[in-house]
Each structure stands twice: as C-alpha cells, then as structure tokens.
Amino acid sequence: MNESLINPFTLSHPTAVQTSLFAGATFAKFDPTGRFIASAARLAFSVQIWDLETRAPIRWLDGHVKAITNIDWSRNSRYLLTSSRDWNAIIWDLSSPCDPPQRHGSLRFDAPVVSAYFHPKNSQIILALLATGEAYVCDLRKQNRSRIELLETITDEGIEEEENNGQGVMRSPMTVARFDPTGKNIFVGTASGSILVFNTRTKTMIARHKISGAGAMKGFDFAKSGRRLVSNSSDRTLRQFILPSYSNPPTDTELLEQSQPPFLDLELEPTHRFNDPINRTAWHAMCYSPDGDWLAGGAADPSGHKIYIWDISNDGQLASPLDGGREPLLHLHWHPTRSLLASTTNMGNILIWHHPNPERWGAFAGGFEEVDENVEYEEREDEFDIEDEEVQFQRKMKAEEEEVDIDTIVTGAQAAVLGGLGTLSGNMGGAATPIGTGPSGNYSMDIDKLGSGMGDDIEAAWAEEEPDTDIRGAWKMKVIMDSEEASEYY
Amino acid sequence: MTQLPPSSSQVEQSIGQQAVPSSSRNPNYSLRYTLSGHRQSISSLKFSPDGSMLASAGADKLIKLWDGITGQILDTLQGHTEGISDIAWASNGEYLASASDDKTIRIWSVEERDEVKTLNGHTNFVFCVNYNPNSNLLVSGGFDETVRIWDIARGKPLKILPAHSDPVTAVSFNHDGTLVVSCAMDGLIRIWDAESGQCLKTLVDDDNPICSYARFSPNSRFVLASTQDSTIRLWNYQTSKCVKTYTGHSNRTYCIPACFITSNGKYIVSGSEDNKIFIWDLQTRQVLQVLEGHRGTCGYPIP
C-alpha cells in the first residue's frame, strides 16, 4: 500500500545493509508472507523465528539434536519443516498457542536428512533428501499415506554400459531435490551433473537433462513462474536454464501400464552462465528476486561477504556487487515480495539488505510537490480572476458528487496509476483487485509465460485432495509478551 | 463517542450504546441500552473486533468491559493513575491498549483481565493509540508532539517520529500496516511509511483548522479527517484533494472521532457537540439520521 506513495515505478534490488540480527545462525529464510525470518541456530540446533517488523525473535523451536540442514515454510507460513543430521524432519505449527510450540509431526529416516521441502500446494506432501543420495516423497494424507523413493529410470544404453562393468545398475547419488513452484514436478540434481525430472503424483521419471561440464549439483532455485531454473554446481558456475514443457503421464493406471511413459532425454543448454572469472570463487547460494528480474549470488569467498546481483531482464549483466564486510557469507535469501535480502555470515549474523529511499522533505509541507527538474509554470488564463464565493462553492459541491470507492482494495502499481491520474471512481471496478489476491506478477518477462494445459489441473487436483489447514488469513500467530526480565536483556 | 468495529453485525450497537439493525438502505438506529457506570466523562468507546465486547474508558482512570450483546458490565480494569484518553483493541481481541495522561500506555490481557505491559516513553499526556493489523506493533501520539511506534511484545519503542508541532490528536495504521496517518492541533494530517518512518505526504486545508481526528478508509485509499470547524472531510491523499465534505454537526472544542459504516449501506458517522450523533450518506453527503438522547456534550473532552 505504501509503494504508491514512495516510488511506484522503480523496482530495484537491495543495495545497503539495513539491520543485522545477532542470531548465531547458519542460514536464514524469509517466509512466504514476508513477515518473518526463520534462522537455524548453529550451536543449539534450534530454529528461531524473527518478526521482521520488530526485528526481534518471537519463537524458539527446539527438537533436533544435531545440526539443522534446511528449513522450509508452508505456502501461507503456518507450518515449518526442519530437516537435520539427526535423521529426522520435524513439522512445526506456528498457530499453536503454547510457547514454545510443540512439534506438529515428525518423520524419521535411516540417514541424515540433507533437505526436506513442503509441496507448494499441500504441506502434507514432503520431499526429503538423505545424505546417502536417496530422495523420498512422503505423503502424510490419510488416503494416500505413503513413502516412495524416487528412482532414476536407467535407459537401455545405460544398462548395457553398467553390465559391461559387471556391477549391475548403478545410480548416481542425488544431491539436490526440489519441487518446482507449482509442485507438479520434482527436480533432482545428481552427483554426476544431471537434472532428473519426476512427476510428483506418479513418482515416475519424465525427463533427464545432462548438463555438460557441471559436475555435482549443489543447489537449485526457481523463478516464481517455474519456467526458469538456476543451478549451482561443483564447477563454480551458476547456470540459468529455460525449462522445456514436460508432458503429463496418463492419469489412468491401466494406460500407465500399457504405454511407455513419455520420456524426455535432452541436454539443456544454459541461457546464462554466471561465474567469477578472476578468483574462480564457488557459490554458497543463489536466489531470484520475486519478479524474476534479478538474480543474487552469494560468493563462497573466505575473505569477505560478497553478493553479486545480475540483471536478468538486461541479458544477465552484473548489476552490482554488494560488500557486507569481513564476515564470509554462508547463505542468502530474497524476500518473497519486496526488495529485501537476508544474508547469513559465518559468525552467525543475519544481514538484512534493503533499497533505501531518499527522504523527501517536500512531503512535510502540505500542498507542495517535489519535481525532478525545473518546470516552466504556465499560468491559467483565469487563475487570478476574482470569483464569486458562491460560484466557487457550487463548483466544489459539484465536484464532490463524484462517487468514491472506500472499500475495494487496490494493490501497489494499480493504486499508483489510479492515484496519479486522479481518476476517482466510476471505471474503478474493472481495474481493482478483489480483497484477498496478492500483488500479481505484472513485471514478469515473456519467457515466464507458462502455457497451462489440462494436465496441470489433474496434478493440482491431486495435490489438493485432502487440503491441509494452512489457509491464507485463517491463522494468526499469537503475540507473546516478553516477561519484564527478558525485555531488559534486549 | 462513537467507534465502530470493522466487522459488520455489531456495528449498530456502537452508536452511543444503542441499536436496532436496520433493514433498508437508510440507517434506522434506535436506543437499545444505556450503560452507566463511569463516574466522570467517557473519552473512548470501542467494540472488540468480533463485536462480543465493548470497552469504555474515561477521565475516572478506569476501563470498563461490557458485554457487546446484552450490555451487562463484565469487568473494570484499573491501574492508570490519571485519566484515560484512548483505548484500542488488538485485532484478535486478546489485548487492549490504553493511553493515559499518566504518560504511559498500558496493555491489558482481556482473558486475564489484568495489565501485562506498561509502555513508558512519552514525555507528556498520551492522547491516542492504535494497533497494526498484525497486532505486533502499536502506534501512539500525545501532547509531547511525537508519534511513537512500539514493539509490544518487548515493550520498547521502535521509532519516535517528531511528527507535529502541536499535540497529536489521532494516529492509526492502514489496512495492511504499511502506512500510518497522524493528525494534530497544528491542523496537519501526515502520512508516514510505517517501516522507515519517513513522511510521505502532508494534507492541509486552506484555513488550517485544528485537526481532531483522522483515519484511513477501509481500503486505505482515502483519509477521513474531522476538523474543529465543524467539518468532516474525505481526502484523496494521492492527489491531495478533498473529495467529500460532511457538515451539519457542531464540533469546535473537542476531538470527536468519525467512522465509516460499511455493513448495510455506506455511511459516515460522528458525534456532535449539540448532544447528537450524525449519520451521513457516504456519497451524497446528506444527513440521513440524527440520534438524540445523550446529555452533555457528545464526544470526548480533551483532558
């Protein structure tokens, strides 16, 4: 809402550190509503939830006995999924009224858990990756309760090669596993530098992309549309790919048995490669901006805290390097809607980067407008004519007859356009966004446009069977008052 | 004297402790209950967000909680050492904040019926207070001419805005908590960025009358402001233009809040210094109903 008054048309990337949180963290992630940050504590093996508005910790989640490897938020931030080296993944419910919050559920595996993610449409479907290189889809819904391992389909030639070695079928260990933003497909990166694509519903492999020269995959991030993927791999290069459209496996089980599932074996060529040509530093993390126009990369530079920001809408040019001081960077994450970055240092501090708006002192004077450059003022013909007060009053009353709309909520850019033009009502109905829908991605690029076919509906319907209880606006995090002693501490 | 809850069903109840729901487009409120109990003048009266409770506070240093449906007294909260000027409900109805002449803001747990926090910092009377939609922040204004934004859980001020050059008479957040509007006896209405604390806009009428109350419209695209020239104005703050004026009532001395009703039909409601409550049609600016029955000035006196 405030965007329209600040500066509606320049969306920019963060440029300066706004605050740092002394969290003792190994990494930190914003939640999808953008109100909180979850950080994994290095020593206590616990998770801290920070309120971004007050910049203070509001919850401590204790439950793991070894280092936490990943945190994922459910889509409306009610649930939190943590994975740990203690072989467990724990689901937390932040709407729980008790403090500290009790665990909502937990999953036990046979090896340290490297990462665990919620399905973007249903937090009862969980994708877990183990340190042994196996990935599991765990479905906690009553009707579908299952735990299925994702198995790479070995093509015929592959088998032959393996047989020549006399070792049977050998699968390359999986090193990354992520849902795409729609949850329809699962993308798995392997130690041999391939990206495997699985259908979430059927758990069958539908595509394999060999990425030449990449080495072991270390991380993925998707632009919000799901059309673009950036990968981090052991060759110290970030690669951006435009993903092909994947076919949907047939829904009918009979059909599935009869026909060979459609399979795409395709080498993907990156549209951009981002690396550090001089120092050849590796990357600890990378993250797209919410509109997908920027990509931030966190350098694994032992001598400093460096974040590189590339302008994707401008052919991937380096927009600016950010220097966050001497503490090396471990992780970074972009805010889901705003121009904010959270980067974690190896000393455990979370730096919050923002794009500062210059103070406009003209705003303090009523009736004044600051202009960017000199404007030649043209006096109206009748500007200083003496007018009858009665006529003036009549004109004002006439102008006030125009209807006003006091309860349709209009989001940022639209409000700015409407406000700027000074149109007050009448035609407002069409342009206004009904209450409840968030800011739409007006700024997305053409390549992000995703053709949604019939198949997507089937996948979405499957995921939304037995919906979870994470409903937008339907839960509240209770404000817990600090005791007086604790407040002295801060 | 009037303060409406955002939810609809109980709106009628709030008009000076009286109500019968209206069936048609025209407001048709009538007196349902008269609640008596305060020994000195009442300064603030607000329904809880779900309408189940009504809180009142006044110069007698007490906050009284009433049943929103039956009008029974539920409890009396005491603790302030001077008169109370304003109260505000947290959006979940669990907490109540009160602003007092003892220079403190106190947070009360409605469940425990007890004080849970005292916010110290204002250097003079605190005159107005409001929660943000997430209820983790509080904004207050007072006779020390500052607007303060508080972290409630820790009881610490996050920002102190040197907002005005006269006592601040009203301050509140917009519907998504990103903006704050404040107004003061210097006649200015200022809009602030809640996160950075930067001033984004200043609205002022040509005659510069004392501005006694301001709030955002439900969609935050307009600001409704009462001034002590017996006028209520609806401002489009993007264009800095006044789009509606509502007159007919009398308001020259006290800070009387004005409200939107959006439950059935869209109205503006405000108290008047001739012991009446006025209801205007939002669009036509006609007075639709005048409620009588109060003795003494309707609205709250400046302490």
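**Entry 1: the model**
I am working with a predicted model. I keep that in mind for every value below.

**Entry 2: chain A as a whole**
I started with the elements of chain A. I find eight helices and 29 strands there. Chain A has 490 residues, and 49% of them count as buried. I then looked up its accessible surface, which comes to about 24,300 Å². Carbon and sulfur atoms hold 51% of that surface. Next I checked contacts within chain A between residues at least 6 apart in sequence. Of these, 52% join residues at least 24 apart.

**Entry 3: where chain A meets chain B**
How many residues does each chain bring to the contact? I note 53 from chain A and 56 from chain B. The area buried between the two chains is about 4,800 Å². Carbon and sulfur atoms give 52% of this area.

The rule finds five salt bridges between chain A and chain B. I looked up one of them: Glu195(B) and Arg338(A) meet through their side chains, with N to O at 2.5 Å.

Which elements of chain A supply at least two residues each to the side touching chain B? I list helix H1 (3–6), strand S5 (56–61), helix H4 (389–399), helix H5 (412–421) and helix H8 (484–489). Sorted by class, this side of chain A has 22 nonpolar, twelve polar and 19 charged residues.

**Entry 4: His333(A)**
I placed His333(A) in strand S27 of chain A, residues 329–334. Is it buried or exposed? His333(A) counts as buried because its relative accessibility is 18%, and the cut-off is under 20%. Its side chain reaches the backbone nitrogen of Phe30(A) at 2.9 Å. Phe30(A) is also on the contact list of His333(A), leaving aside neighbours within four places in sequence. That list includes Ala28(A), Lys29(A), Cys287(A) and Leu340(A).

**Entry 5: Cys128(B)**
I turned to chain B. Cys128(B) sits in strand S9, residues 126–131. At 2% relative accessibility, Cys128(B) counts as buried. Not counting residues up to four places away in sequence, Cys128(B) touches Asp86(B), Ala99(B) and Val139(B), among others. Val168(B), Thr169(B), Ala170(B) and Val171(B) are also among its contacts. Last, I looked up Ser182(B), which lies 54 residues from Cys128(B) along the chain. Their C-alpha atoms are separated by 9.7 Å.

Conventions
Residues are numbered from 1 along each chain as its sequence is written. Chains are lettered from A and ligands numbered from 1 in the order in which they are written. This is a predicted model: local features need pLDDT of at least 70, side-chain atom pairs count only at pLDDT 80 or more; totals for chains, interfaces and linings use all residues. Side-chain values use heavy atoms; hydrogens and water are left out. Contact means heavy atoms within 4.5 Å. Buried area is the accessible area (1.4 Å probe) that two parts lose on being put together, summed over both. A salt bridge is a side-chain nitrogen of Lys or Arg within 4 Å of a carboxyl oxygen of Asp or Glu. Helices (H or I, at least four residues) and strands (E, at least two) are DSSP runs, numbered from the N terminus. Ala, Val, Leu, Ile, Met, Phe, Trp, Tyr, Cys and Pro count as nonpolar, Asp, Glu, Lys and Arg as charged, and the others, Gly among them, as polar. Buried means under 20% relative accessible area, exposed over 50%, partly exposed in between (1.4 Å probe, protein chains only). Accessible areas come from the Shrake-Rupley method with a 1.4 Å probe; for residues, only the protein chains shown count as cover. A polar contact is a pair of N or O atoms within 3.5 Å; within protein, one must be able to donate a hydrogen and the other to accept it, and residues adjacent in sequence count only if both atoms are side-chain atoms.
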